[in-house]
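This briefing concerns a predicted model.

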Amino acid sequence: MSTTPSSASSASSSSGLPRFDLEAAISAVATVAARHAAEVDRGAFPTAALSAAREHRLLGLTSAIEVGGLGRGLAEAAAVVERLARECGSTAMVVCMHYAGAVVVEAHAGQDVRRAIAEGRHLTTLAFSEAGSRSHFWAPLGTAPVSAGRARLSSKKSWVTSAHHADSYVWSSKPSAGTELSSLWLMPRAAPGLRIGDGFDGLGLRGNDSCPVLAEAVELGEDARLGADGAGFGIMMGTVLPWFNVLNAACSAGMMESAVARTAAHAGATQFSHAGSAVADLPTVRAYIARMRIKTDQVKALLADTITAIAAGRPDTMLRVLESKACAGEAAGEVLDLAMRVCGGAAFRKEVGVERTFRDARAALVMGPTTDVLYDFIGKAVCGQPLF
């Protein structure tokens, strides 16, 4: 897979990329995400932040220059997701899923939808998870028989981020013919026969509109297929898995950064009035915060190395891809546990700013591929066994 990473700062004309101040754009959108984070945590979709992302061209960040995008790669996409996650996990996850879907659309769809994504007029997402195959997202049970050039897609997707708001879903099914595991389709949200479940009311990531979506013999032309019939598994493993795992890890890293900053600020500002000292004056508290900082830096170092491995096509690329999400999800849970411990009873109040991130960070452990599935894959890779 080619990621074509480039500098996260503004590109010079000699680079072949349009001049663009990525850091300024990310900062502007993150400011909007922070302003609306509490509202989003109450269940509102992050419409304002996405409008800002559209205005600042971040929704078309990874689209090709020839269709109006910025032509950036995985490194820049991870920088966007990580920074947004510091302010609002739901916003970061919506953008994460958009980028993971957009990279497939960019490689396999027609120019009209590619241009719409590049211009920020089209939000997409992944629709892989099914109740029957659960976290084994690579093995869909839904069908897509083809007759006279028309496919009829039937399946129940259990979790689709941005379900009511995305313009399209990158949708998996069994192949129309043959013995391969899957095919991929560009499913319009407005397709007749598609039914979207009720709004999401969960523990964390409460604004990401993650709902079940049911397809009942939805008709699509064969030109809606992304890649060849039966090529879905290869696209999932070669493109979607690296992008999704890295961006999910970036989301966890951003939440960890937020937790470290907010916990340190709380510990430094909270006083024991009778003793004239701060919570941060306790060596045990400083040790907890040090552990949080170390774990965060470890995750970010592995994340950076994973992006480097993908770009260079290193032999250990798949191992790093698998490790990145497993490590980040596990560490985020540990760091947020420490944040709640250090901040004590005050952490249960909204104003301290860690309880929302504590809830949001839990999602990475159970999003397919789950941490336990990844550990199994990593163990197979280390032992020289085939993953599948």
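The mean pLDDT of the chain in this predicted model is 94, and 95% of its residues reach 70 or more. Residues 1-13 stay under 50 in pLDDT. Where pLDDT is low, the predicted coordinates should not be read in detail.

**Confidence at the start of the chain**

- For residues 1-13, the model has 33 contacts beyond four places in sequence.

**Largest cavity**

- Two cavities of 30 Å³ or more are found when the whole structure is searched.
- The largest cavity has a volume of about 50 Å³.
- Its lining consists of Met93, Leu205, Asn248, Cys251, Ser252, Met255, Asp360, Ala361, Ala363, Ala364 and Met367.
- Two or more lining residues of the largest cavity come from each of helix H7 (232-269), helix H10 (355-361) and helix H11 (363-366).
- H7 gives the most to this lining, with four residues.
- Sorted by class, the lining of the largest cavity has eight nonpolar, two polar and one charged residues.

**Second largest cavity**

- The second largest cavity holds about 30 Å³ of space.
- The residues lining the second largest cavity are Thr62, Ser63, Ala102, Val105, Glu106, Arg114 and Ile117.
- Helix H5 (89-108) and helix H6 (111-118) are the elements that give two or more residues to this lining.
- H5 gives the most to the lining of the second largest cavity, with three residues.
- By class, the lining of the second largest cavity divides into three nonpolar, two polar and two charged residues.

**Packing of H4 against H5**

- Two packed helices are described by the angle between their axes and the distance between the axes.
- Helix H4 (residues 74-87) packs with H5 at an angle of about 160°, and the two axes are 6 Å apart.
- Because angles over 145 degrees count as roughly antiparallel, H4 is roughly antiparallel to H5.
- On the H4 side, the contact involves Ala77, Val80, Val81, Leu84, Ala85 and Glu87.
- These residues meet Gly89, Thr91, Ala92, Val95, Cys96 and Tyr99 in H5.
- The contact of H4 with H5 comprises nine nonpolar, two polar and one charged residues.

Key: Residues numbered from 1 in each chain as written. Predicted model: local features only at pLDDT ≥ 70, side-chain atom pairs only at ≥ 80, totals over all residues. Heavy atoms only, no water. 1 Å grid on protein atoms, 1.4 Å probe; cavity = no way out; pocket = protein on both sides within 12 Å on 5 of 7 lines; lining within 4 Å. Points joined across faces, edges and corners; volume = space filled by probe spheres on them. Nonpolar A, V, L, I, M, F, W, Y, C, P; charged D, E, K, R; others polar. Axes fitted to C-alpha atoms, helices over the stretch in contact; angles between N-to-C directions. Parallel < 35°, antiparallel > 145°, perpendicular 65-115°, else oblique. Contact = heavy atoms within 4.5 Å. pLDDT = per-residue confidence, 0-100.
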